[in-house]
Amino acid sequence: MDNITTNNSVNDTLDVLIIGAGFTGLYQLHALRERGFKVHLVDAAKDVGGIWHWNCYPGARVDTHCQIYQYSMPELWQEFEWRERFPNWEQMREYFKFVDRKLDLSRSISFGARVRTATFDEDKREWTVYMLGHQPIRARYVVANLGFAAKPYIPKIEGMDRFKGEIHHTALWPQGGLDMTGKRVAVIGTGASGVQVSQEAALVAKQLTTFQRTPNLAIPMHNQQYSAEDNRAMRPELPAAFERCRNAYAGFDFDFIPKNATEVSAEERQATLQALWDKGGFYYWLGNFQDYLFDDKANDYVYDFWRDKVRARIKDPQVADKLAPMKKPHPWGAKRPCLEQWYYEIFNQDNVTLVDLGEKPILGITEKGIVTADGETEFDIIALATGFDGVSGGLTNIDFRDGQGRTFKEKWSSGVRTHLGVSAAGFPNLLFGYGPQSPAGFCNGPTSAEVQGELLVDLLGHLRDKGITRIEATEAAQEDWFKLVEDFWAMSLFPKAKSWYQGANIPGKTQQSLNFPNGLPTYTAKFKEAAANGYAGFVLN
Ligand code: NA7
C-alpha cells in the first residue's frame with residue numbers, strides 16, 4: 001500500500017492538475033502559480049524529486065554535470081552549493097528540498113497520491129483524477145509529467161519469487177539502504193544503474209557477479225569534488241551555459257563539432273577524440289563530430305578510439321572481448337552510454353566475475369541463487385538493474401480513458417502517436433511534459449523542463465486568454481509528427497542499436513523512436529511554429 005498523506009486537500013475544480021514532482025512538474029507548478037492559475041500537483045512519492053526521490057541504489061549518481069543539472073532561476077543557482085561535478089543521489093535530494101523551500105512548492109502538492117485512473121467529462125470539460133488514498137481531484141486540464149523512467153521493468157525469470165535473499169529492482173531499492181559488505185552480490189543488467197551498482201559492490205562485496213546481455217560502451221566520468229570557492233567561481237559562467245543549453249541538440253551547454261570525422265586528417269581526428277575524452281562527462285558522446293551518429297565509418301573512428309582506451313584497462317583479453325569487443329556490438333553512442341568511474345578495473349579483481357548472458361543465459365532463480373549452464377551460484381543480494389518500460393511506460397500505466405473508454409495502453413498497443421510530444425488524439429485537455437516523442441530522453445532533464453515547460457504554460461495561457469475550454473490533437477497532426485520523428489530516426493544510426501530509445505528492451509513493445517530525436521532547437525521551433533498558427537494540429541473550442 002502506498003504511503004498516504006493528505007496535507008493538501010483540493011475541493012474545487014482546478015484550472016490545472018499536474019502529476020509528477022520531478023524537474024518538469026515542479027517547474028510547471030511554479031510557473032503556473034506565478035501566472036495566477038489555480039493549480040495543484042500530485043505525486044506518488046513522499047517528497048519532491050521525481051526519479052531522485054526514488055533513486056537510492058548504491059552508487060546512484062547523475063551523469064550530467066551539476067552546472068546544468070539544475071534550474072536556471074538565479075534565486076536558485078546563486079545560492080545552492082554543489083559538492084561534486086556529478087552529484088550523488090543524496091545531494092540531488094538536498095537540491096530538491098532546497099528548491100521546494102525557496103519556491104514554497106509543497107503547499108500546492110499532495111504526496112503519497114499515486115494516480116490510478118482518470119476520466120474526462122465531455123459536458124463539463126474536466127478531468128476527474130483518482131488516486132489511492134486520496135479524494136478524487138477535478139481539473140479542467142491535466143499535465144502528466146511522469147519522466148521516462150516511471151515504470152521499472154522486471155523481466156520474468158523462472159523462480160524469482162522463490163529467492164530467499166534480498167532481490168530488488170534498482171529503482172525500487174530499499175530507502176533504508178542495503179549493506180553489501182561481505183555479501184555475495186549479483187547484478188543483472190549493465191545500463192547506467194548496473195554499472196553504478198557493480199562499481200560499488202566490487203569495493204565491498206565478498207563476491208560480485210555482473211550479468212551482461214549487451215556491453216555498456218561507457219565513458220569516463222572524471223568526477224571532481226567542488227569547494228565553496230569552486231562554486232563561487234562557476235556561478236558567473238552559468239547564465240551563458242543555460243543559454244547554450246537551449247540551443248544545443250541535447251540541451252547541454254555544448255554541442256556536436258560542426259565537422260565530419262571522415263573529412264578531417266587522421267591527426268586532427270585523434271587529437272579531437274583525445275581532447276573530448278580528457279574532458280570527461282558526455283563530451284565524448286554529445287560533443288563529438290557531427291557525422292558520427294549518421295555515418296558508420298565516422299562511428300567506427302569513435303568506437304575504435306573508445307575500444308582501445310577501455311581494453312588497455314582490462315587485464316584478461318577474454319574479459320576485454322566481452323566488455324569492449326574488437327568489433328562494435330552496435331554503433332557507438334546509438335545506445336545510451338553511461339559515465340563510469342572505475343567500472344572496467346573491477347573486472348581485474350579476484351572478487352568480480354562477468355557472465356556473458358549471450359553464452360550463459362539465466363535459466364532460473366532458486367531459493368539460494370541464480371542458475372546458468374554452469375549450475376547454481378549462491379547470492380545474498382540480487383540487484384535487478386534491468387531498466388524501464390521507457391518514455392511511454394508512465395502514461396500506459398495510468399488508466400486515462402478516452403471518449404470510447406480506451407486507455408493509452410490500448411490506443412498505443414501498436415505504436416505511440418502524439419502531436420508535438422505533448423498530447424494525443426482522443427485525450428482532450430490532457431497534456432504531458434517530458435513525454436513520448438518530445439525531447440525527453442534525448443535532452444538534459446532540467447533544460448527540457450524549462451524549455452518545454454514554458455511552451456506548455458504559454459499554451460495553457462493562450463487557452464485561458466481566449467476563453468477556450470477544450471483542446472485535442474488531431475489524428476492527422478499526429479501522423480505528421482510521427483513521420484517527422486521516424487524520417488530523422490531512419491537517417492541516423494540509432495535504429496541499429498537495440499535500446500530503450502526505441503522500446504527494444506521490452507518484449508512485444510512496438511519499435512519506434514520514443515523520443516523526439518531531431519534535437520531540442522528543432523523541437524522548440526516546431527512547437528513555436530504551431531503556436532504562431534493558432535496551435536495548428538489541435539482542435540480548440
Ligand atoms: P537501462 O539502461 O535500460 O539498462 C538495463 C540493463 O538491463 C541493460 O543492460 C539490459 O540489457 C539489461 N536487461 C534488461 N532485461 C534483461 C534481461 N531480461 N536479462 C538480462 N539483462 C537484461 O536501465 P538503467 O536503469 O541502467 O538506466 C536507465 C536510464 O537511467 C539511463 O539510460 C540513464 O538515463 C539513467 P540490454 O542492453 O537491453 O541488452
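**View 1. Residues of the shell around the ligand, by class.** In this predicted model, the shell around the ligand divides into nine nonpolar, seven polar and three charged residues. Here Ala, Val, Leu, Ile, Met, Phe, Trp, Tyr, Cys and Pro count as nonpolar, Asp, Glu, Lys and Arg as charged, and the others, Gly among them, as polar. The ligand is surrounded by 19 residues, a residue being near it if one of its heavy atoms lies within 4 Å. The closest are Thr-190, Ser-193, Arg-213, Thr-214 and Lys-335.

View 2. A polar contact is a pair of N or O atoms within 3.5 Å. An N or O atom in the side chain of Thr-214 lies 2.5 Å from an oxygen atom of the ligand. For the side chain of Lys-335, the distance from such an atom to a ligand oxygen is 2.6 Å. Ala-192 takes part through a backbone N or O atom, 2.9 Å from an oxygen atom of the ligand. The ligand taken alone exposes 780 Å², and the protein buries 85% of that (Shrake-Rupley method, 1.4 Å probe).

**View 3. The largest nonpolar core.** A nonpolar core is a set of buried Ala, Val, Leu, Ile, Met, Phe, Trp, Tyr and Cys residues joined through side-chain atoms within 4.5 Å; buried means under 20% relative accessible area (1.4 Å probe, protein chains only). The largest such core has 127 residues, and Tyr-95, Tyr-284, Trp-306 and Trp-332 have the most contacts inside it. Because domain 1 (8-48 + 105-151 + 389-540) and domain 2 (160-384) both give residues to this core, it lies between them. A second, separate core of 28 residues includes Leu-395, Phe-408, Ala-424 and Leu-514.

**View 4. The two domains.** Domain bounds come from an automatic or database domain assignment. The centres of domain 1 and domain 2, taken over C-alpha atoms, are 30 Å apart. In contact (heavy atoms within 4.5 Å) are 24 residues of domain 1 and 22 residues of domain 2.

Residues are numbered from 1 along each chain as its sequence is written, and side-chain values use heavy atoms, with hydrogens and water left out. Local features need pLDDT of at least 70 and side-chain atom pairs count only at pLDDT 80 or more, whereas totals for chains, interfaces and linings use all residues.

Technical notes. Polar contact = N/O pair within 3.5 Å; in protein donor to acceptor, adjacent residues only side chain to side chain. Buried < 20%, exposed > 50% of the residue type's maximum accessible area, 1.4 Å probe, protein only.
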